[in-house]
Amino acid sequence: MTSTVLLVILCLGVASGAPAHDPKLDTKWKDWKTKHAKSYNPKEEALRRSVWEENMRMIKLHNRENRLGKNDFTMKMNEFGDLTGEEFRKSMDNILIPAAVTDPHAQNHVSIGLPDYKDWREEGYVTPVRNQGSCRSCWAFAAVGAIEGQMFWKTGNLTALSVQNLLDCSKAEGNKGCRSGTAHQAFQYVLKNKGLEAEATYPYEGKEGPCRYRSENASANITDVVNLPPNEIYLWVAVAAIGPVSAAVDASHDSFRFYNTGIYHEPNCSSHFVNHAVLVVGYGSEGDVKDANNYWLIKNSWGEEWGMNGYMKIAKDRNNHCGIASLASYPNIF
């Protein structure tokens, strides 16, 4: 089983003939460059400024429509602001997956025994949000997040585990470091290796290197891997009863890239293609009408500036929105 992951591609070409820049945005542009340590040559800066301004206009329009009740989430500028949508999407190799089938009768039956709300952060299962940077390592972040939760369940100690260990050492299982990978294959590595180091002993570098795993530094192990059927019912049961679960979504849209707050629902999101790994850490519902505004709570690996301090609420029980249940898996620790 294969999946894909997300990497933002920097410094690709854009169309020439950029419009004149808005001088009212000069200060914001300078502040944005400083905040995100952006530096360009003069020609490139003119092009990137134009892209950034276009993204600013798109975000403002979306948020204006949000205030009018035309959508359920807001957007904000972030570190991806100098990329065109096409550049953002070119980094992703979409993979076709079977359509998830949801039986409403089965869902009603299952829901009787499940809590209406779960947030594993509140129970100590989730480490702080991190930033994958320019490495296509979201698969590894999703995998360590699921293992971290299960290790907390077993030991009572929450330890940040090594993403770099997976980047460098799980190629035999099919992962390709900063190019691509899946959480399932990462779990297979830990299972066969009988151990995974902590972030403290094998820190993240955001680039591939030689495998430097040392068994004496192992901080986690797993005994089994569970791949869930592509159905939100199974994901619901797992998140309710097991802990954080790794998953994958279609993250190719500008609305996902600049997500800020609210329940994310993108009409153009695919339920059959996924390209970015995330960690499902909970679920719930907003509003007074039961089931009308259900959401999954996902942890991303784009830093705390993105979304709700690194998290997103994405529509739940709406036909496997963005493929959220299509490639879900978790480790067991007996």
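How do α1 and α2 lie relative to each other: roughly parallel or roughly perpendicular?

A: Before we zoom in, bear in mind that this is a predicted model. Its pLDDT averages 89, and 87% of the residues score at least 70. Residues 1–18 are another matter, with a pLDDT below 50; even so, that stretch makes 72 contacts in the model beyond its near neighbours in sequence.

Now to your pair. Helix α1 covers residues 26–35 and helix α2 covers residues 42–67. Their axes come within 11 Å and cross at roughly 105°. An angle of 65 to 115 degrees counts as roughly perpendicular, so that is how α1 and α2 are arranged. On the α1 side, the contact is made by D26, K28, W29, W32 and K33; α2 brings in E45, R48, R49, W52 and M56. Sort those contact residues by type and you get six charged, four nonpolar and no polar ones.

Since 15 of its 18 residues are buried, α5 is largely enclosed by the rest of the structure. Just after α5 comes G156, with a positive phi of about 85°.

One of the elements packed against α5 is helix α7, through its buried residues. Those buried residues of α7 are A183, H184, Q185, A186, F187, Y189 and V190, and they also pack against α6, β4, β6, β7 and β13. After α7 you reach K194, which has a positive phi near 60°.

Note on methods. Residues are numbered from 1 along each chain as its sequence is written. This is a predicted model: local features need pLDDT of at least 70, side-chain atom pairs count only at pLDDT 80 or more; totals for chains, interfaces and linings use all residues. Side-chain values use heavy atoms; hydrogens and water are left out. Axes are lines fitted to C-alpha atoms, for helices over the stretch in contact, and angles run from 0 to 180 degrees between N-to-C directions. Helices (H or I, at least four residues) and strands (E, at least two) are DSSP runs, numbered from the N terminus. Angles under 35 degrees count as roughly parallel, over 145 as roughly antiparallel, 65 to 115 as roughly perpendicular and the rest as oblique. Contact means heavy atoms within 4.5 Å. Ala, Val, Leu, Ile, Met, Phe, Trp, Tyr, Cys and Pro count as nonpolar, Asp, Glu, Lys and Arg as charged, and the others, Gly among them, as polar. Buried means under 20% relative accessible area, exposed over 50%, partly exposed in between (1.4 Å probe, protein chains only). pLDDT is the predictor's confidence in each residue, from 0 to 100.
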